[in-house]
Amino acid sequence: MVWTLLAIMVILLLLGFPMMIPLIVAPLVVMLIYFDNLDPMMMAGQLVEGVSAYVLLAVPLFIFAADIMSTGKTSRRLLDFVGSFVGHLRGGYAITTAAACTLFGSISGSTQATVVAIGKPMRERLLKVGYKDSSAIALIINASDVALLIPPSIGMIIYALVTGTSTGDLFIAGIGPGLLIFICFAIYAYIHARIFNIPLVEKAPWNVRFRLTGKALLPLGFPFIIVGGIYTGYFTPTEAAGVAVLYALLLEVVIYRSVKVTDIPGIALSTGLVTSAVFVLVAGGQAFSWVISYAQIPQMLTEAVMGTDPSALYVLMIIALFFFIGCMFVDPIVVILILTPIFWRPAMEAGIDPVHLGVVITYQAALGSATPPFGVDIFTASAVFNKSYLDVIKGTPPYIIILLFIGILVILFEEISLFLLYLL
């Protein structure tokens, strides 16, 4: 039965069908062949149930807010602000890129949106000061991984949906690993600039810094409003997403006037297209999980892989490996939907904190999304920058090594994820 399920999925993917088709068709065929006692309409019920959760309303709203800000001037204001303070340092423009990806990730929650919003203007600046195109693109797609960790993270919302873990706690826990990625990338940027003798740029005067800080203050308030509002109880994650849309509209339409009212329908259409794809994947993931759970495949797989009475560290390493490899080939949302129910039970039996587990899973999903052969951010960058696949991945190995090292630290030391929750 397992091999039938995998074979159908692989064949459909090789035939060129999008992931949502094998995700729905494969479990349906398996159900018809092996479970003739089940009514096929139960599959339809599972598809509907998959997108019925209230928390999922946050996904299109956060995507809409990110689309509004990507269309407007928010990303440019963040870039100018960070660049005015660190652009003159050795490796300053690379540090600016990493910092801007971190800041925009706290707005968008999407690695692909960050690649587009930060990548386009920052790539030009990096090339101007002497970076190779392969190095610039590699930095952009890997620094964008932070967007899946820094709140509001769409990946964490999906994990919370599957497991029932607090979305607010997950958002807070993602901040530590996200900042650690930025710090490590900044250190590497400095070393890389010294080795390759990247020229220094002129230091911005303080009057320019003050002016650019003033322009960036409102966008910088975005994560504080969202995370602070959720954790203090003023609003739920879904309500926070609604506040995010309102805040984005006020900034870009009313205050900056960089987005016209007539632009909103087009932005909403773009958001709708992305959301529909995400929701079909979520619905398919629910149906897939239901079928494999009914067939007791998770129990068989975990017993074969985990053995009896595994340690918490062993369980985390196995989970990290599966998610990392899975996201190298498939969209992170799909991997989270399919694999999380499989490994949830052994993880809880091993005594792993569910919030820490969520951070580990989301981290590996972020890492896999920028890793060859089929990380989704690679193809996003290829389309955005009009570069070949090989050109995009050429400069990625150093960043993948750094991210793997940080991933090991996150697994070994849960305090990296949970220290802010201990303080609050």
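Author: Helices are DSSP runs of H or I that hold at least four residues, and they are numbered from the N terminus. The model discussed here is predicted.

Reader: Which residue just after H6 takes a positive phi?

Author: Helix H6 covers residues 92-108 and reaches 24 Å from its first C-alpha to its last, close to the 24 Å expected at 1.5 Å a residue. Of the 17 residues in H6, 15 are buried, so that the helix is mostly covered, with buried meaning under 20% relative accessible area. Just after this helix, a positive phi of about 75° is taken by Gly 109.

Reader: Which helix supplies the largest share of the lining of the largest pocket?

Author: The largest pocket holds about 910 Å³ of space. Among the 35 residues that line it, the closest to its centre are Ser 110, Gln 112, Val 274, Asp 331 and Val 376. By type, the lining divides into 25 nonpolar, eight polar and two charged residues. At least two lining residues come from each of H4, H7, H9, H13, H16 and H18, and the largest share, six residues, comes from H4.

Reader: Is Thr 371 buried or exposed?

Author: Thr 371 sits in the loop between helix H17 (354-369) and helix H18 (376-385), and its side chain reaches the backbone oxygen of Leu 367 at 2.6 Å. Leaving aside residues up to four places away in sequence, Thr 371 touches Phe 324, Met 328, Ile 378 and Ile 400. Because its relative accessibility is 4%, and the cut-off is under 20%, Thr 371 counts as buried.

Definitions and conventions. Residues are numbered from 1 along each chain as its sequence is written. This is a predicted model: local features need pLDDT of at least 70, side-chain atom pairs count only at pLDDT 80 or more; totals for chains, interfaces and linings use all residues. Side-chain values use heavy atoms; hydrogens and water are left out. Buried means under 20% relative accessible area, exposed over 50%, partly exposed in between (1.4 Å probe, protein chains only). A polar contact is a pair of N or O atoms within 3.5 Å; within protein, one must be able to donate a hydrogen and the other to accept it, and residues adjacent in sequence count only if both atoms are side-chain atoms. Contact means heavy atoms within 4.5 Å. The expected span of a helix is 1.5 Å times one less than its number of residues. On a 1 Å grid over the protein atoms alone, a cavity is a set of points where a 1.4 Å probe fits but cannot get out, and a pocket is an open set with protein on both sides within 12 Å along at least five of seven lines; lining residues have an atom within 4 Å of a point. Grid points are joined across faces, edges and corners, and a volume is the space filled by probe spheres set on the points. Ala, Val, Leu, Ile, Met, Phe, Trp, Tyr, Cys and Pro count as nonpolar, Asp, Glu, Lys and Arg as charged, and the others, Gly among them, as polar.
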